[in-house]
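Please walk me through this structure, taking its side-chain contacts and surface patches in turn. Plain paragraphs will do.

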Amino acid sequence: MFLVQYTADNSRTLNVDSTAMTLPMSDPTAWATAMNNLGMAPLGIAGQPILPDFDPALGMMTGIPPITPMMPGLGIVPPPIPPDMPVVKEIIHCKSCTLFPPNPNLPPPATRERPPGCKTVFVGGLPENGTEQIIVEVFEQCGEIIAIRKSKKNFCHIRFAEEYMVDKALYLSGYRIRLGSSTDKKDTGRLHVDFAQARDDLYEWECKQRMLAREERHRRRMEEERLRPPSPPPVVHYSDHECSVVAEKLKDDSKFSEAVQTLLTWIERGEVNRRSANNFYSMIQSANSHVRRLVNEKATHEKDMEEAKEKFKQALSGILIQFEQIVAVYHSASKQKAWDHFTKAQRKNISVWCKQAEEIRNIHNDELMGIRREEEMEMSDDEIEETTETKETEESALVSQAEALKEENDSLRWQLDAYRNEVELLKQEQGKALREDDPNKEQQLKLLQQALQGMQQHLLKVQEEYKRKEAELEKIKDDKLQVEKMLENLKEKIYREMTAKEDRKRELTDYQKNENCASRMCASSQDSDYPLEKTLNSSPIKSEREALLVGIISTFLHVHPFGASIEYICSYLHRLDNKICTSDVECLMSRLQHTFKQEMTGVGASLEKRWKFCGFEGLKLT
């Protein structure tokens with residue numbers, strides 16, 4: 001078992017008491033030298049200094065109990081220790097290595113979040129010369145080891161049989177390990193133990209959770225079955241014997257409900273026929289005989305209820321009278337004759353008590369009035385039936401109503417007295433306040449009233465000026481908007497005129513260029529000789545008209561470097577001659593391949609054929 005020992009400096013040591021493992025120490029001097037090399041005083045496991053009475057026959061020093069913080073076969077998790085108390089870890093001796101505890105002043109080693117069902121730990125900081133046998137020797141104290149996966153990089157994964165063994169292994173995190181008594185760096189290391197996530201652990205945990213869920217569902221099902229009301233007993237089938245039994249039960253008041261249910265089931269099953277009709281009629285007749293009994297029982301219960309209501313109403317009215325008396329005591333104590341003799345705290349308590357008593361009294365009064373209203377409604381319902389019983393109840397209701405009116409009159413009279421007392425107290429307090437005031441108070445009030453009147457007049461003037469300025473600002477804003485609109489209109493007009501002028505200039509320049517070209521072509525055609533006409537007849541241009549058209553189209557396309565559609569070209573030519581045909585123009589331009597070329601521009605729906613002038617390039621080719 002785990003033992004927590006408290007020392008004189010209010011520290012504690014965690015020990016494990018078990019006899020399942022004893023670790024002998026053959027050479028105490030080697031132990032002392034190893035502790036000195038680490039710069040630590042040679043101490044025992046429980047924190048005592050090593051005693052000189054060493055017994056070599058026993059193989060260990062007396063005074064050092066053969067225990068370690070982790071013992072195999074221990075089936076419990078270490079008890080939780082308060083975090084505000086420091087834990088003193090002790091040295092752990094193994095056969096081929098020694099574990100030295102970390103500095104208690106250092107913070108505890110960090111660990112990752114514990115995975116569900118974790119049974120595997122990560123162990124880092126192992127010595128380079130550490131073997132799997134040494135790992136088993138150190139960690140088998142924590143519990144049964146199922147598997148060890150050791151890496152070449154000084155770390156390993158250990159899987160235990162149970163989850164609580166992982167908590168024991170985490171206790172060794174931060175310990176310094178030394179193989180034998182060697183001081184070589186390859187024989188030392190600092191252990192870092194942390195939770196590790198393994199698929200086998202997660203699978204086992206999920207299986208366990210599913211098993212627990214099944215058990216919980218089974219437990220709930222059993223609980224529901226236990227709490228489920230038992231099913232009614234089955235109804236016997238109809239026979240002459242059973243019919244006689246049911247008829248006898250119908251005559252008994254205690255077994256009437258059971259017999260009626262059986263009779264109802266038989267009728268619904270269709271057991272009534274010509275042979276059994278008389279038997280069923282006799283059972284129905286005996287069931288009908290219970291109607292008078294049930295009516296009498298209801299009348300008795302109603303009478304008991306009326307008596308209970310009357311008792312409750314009388315008790316409530318008595319309580320209300322006592323509340324009124326208590327409130328009257330508070331009001332009489334609040335009068336000036338007695339009020340001046342009480343202290344401030346006593347007056348406060350009396351006023352609080354008076355308010356509480358009035359609130360409770362009003363609640364009870366409302367409840368009593370509600371009962372009376374219900375009685376009045378019942379009385380109005382009963383008046384419809386003109387019977388002797390209703391007349392008696394009406395007389396009793398009138399008597400109770402008269403009593404209620406008397407009680408209401410008394411309560412109203414007491415409330416009126418209380419209000420009169422309050423008014424007198426207020427008048428007295430106002431009179432005292434007027435007496436205690438200074439004679440100059442009226443003058444001060446007049447001055448204050450005059451000052452307030454002046455401030456009000458000033459405020460009115462300021463408000464009028466503010467309204468006037470707001471109106472001026474609105475006018476200025478309207479004027480500004482009108483001026484801005486006028487400026488925008490003027491800008492649009494100027495822009496339109498400028499664009500119109502530019503379009504006119506462009507048209508004039510294009511027209512002058514075309515006319516010049518046409519005149520030059522005409523002059524050249526008139527001055528040409530007969531041999532030139534022969535060459536023209538042999539060329540793609542068959543007449544002077546076609547030559548003129550070629551010149552005009554060339555000048556037009558030269559002005560439009562990005563090309564123009566055949567419709568645009570023909571619209572320009574129609575200004576010169578309305579008889580020009582679009583197909584003739586397109587045929588002429590297609591014959592002159594070195595002068596004009598056709599290209600496709602645009603994408604998709606905007607695809608368009610355009611003609612371009614390429615005469616300068618055609619000169620070089622020809």
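Buried means under 20% relative accessible area, exposed means over 50%, and partly exposed covers what lies in between, with a 1.4 Å probe and protein chains only. The model is predicted, so local features need pLDDT of at least 70 and side-chain atom pairs count only at pLDDT 80 or more, while totals for chains, interfaces and linings use all residues. Residues are numbered from 1 along each chain as its sequence is written, and side-chain values use heavy atoms, with hydrogens and water left out.

With those classes, isoleucine 494 counts as exposed, at 51% relative accessibility. Isoleucine 494 is placed in helix H12, which spans residues 441-527; helices (H or I, at least four residues) and strands (E, at least two) are DSSP runs numbered from the N terminus. Accessible areas come from the Shrake-Rupley method with a 1.4 Å probe, and for residues only the protein chains shown count as cover. Patches are made of residues with over 30% relative accessible area and no salt bridge; like charges are joined within 9 Å, and nonpolar side chains (Val, Leu, Ile, Met, Phe, Trp, Tyr) within 5 Å.

A patch of positive charge also lies on the surface, made up of Arg210, Arg214, Arg217 and Arg221. Lys and Arg count as positive and Asp and Glu as negative, whereas His and the chain ends are not counted. The place of a charge is taken as NZ of Lys, CZ of Arg, CG of Asp or CD of Glu. Arginine 214 belongs to helix H4, residues 199-227, and is partly exposed, with a relative accessible area of 47%.

The structure holds 20 salt bridges. In one of them, arginine 159 meets aspartate 201, at 2.7 Å from N to O. Arginine 159 lies in strand E10 (residues 155-160) and aspartate 201 in helix H4, so this pair ties together parts that are 42 residues apart in sequence. Is arginine 159 buried or exposed? Arginine 159 is buried, with a relative accessible area of 10%, and aspartate 201 is buried as well, at 2% relative accessibility. Arg159 and Asp201 are linked with Lys119 and Glu204 in a network of salt bridges.

The phi angle of asparagine 154 is near 65°, a positive value in a residue other than glycine. Asparagine 154 is partly exposed, with a relative accessible area of 25%.

Another salt bridge joins arginine 591 to glutamate 546, with the closest N and O atoms 3.3 Å apart. Because arginine 591 lies in helix H16 (residues 582-591) and glutamate 546 in helix H14 (residues 544-559), the pair ties together parts that are 45 residues apart in sequence. Arginine 591 is partly exposed, at a relative accessible area of 29%, whereas glutamate 546 counts as buried, at 18%. Glutamate 608 and arginine 610 also meet in a salt bridge, at 3.6 Å from N to O. Glutamate 608 is partly exposed, with a relative accessible area of 32%, and arginine 610 counts as partly exposed at 27%.

Aromatic contacts come next. A pair of aromatic rings is described by the distance of the centres and the angle of the planes. Rings of Phe, Tyr and Trp (its six-membered ring) pair if their centres lie within 6.5 Å; planes under 30 degrees apart count as stacked, over 60 as edge-to-face and the rest as tilted. The structure holds 9 aromatic pairs. Among them is the stacked pair of tyrosine 238 and phenylalanine 280, at 5.2 Å centre to centre and 25° between the planes. This pair links distant parts of the chain, 42 residues apart: tyrosine 238 is in the loop between H4 and helix H5 (240-251), and phenylalanine 280 is in helix H7 (residues 277-288). Both tyrosine 238 and phenylalanine 280 are buried.

Note on methods. A salt bridge is a side-chain nitrogen of Lys or Arg within 4 Å of a carboxyl oxygen of Asp or Glu.
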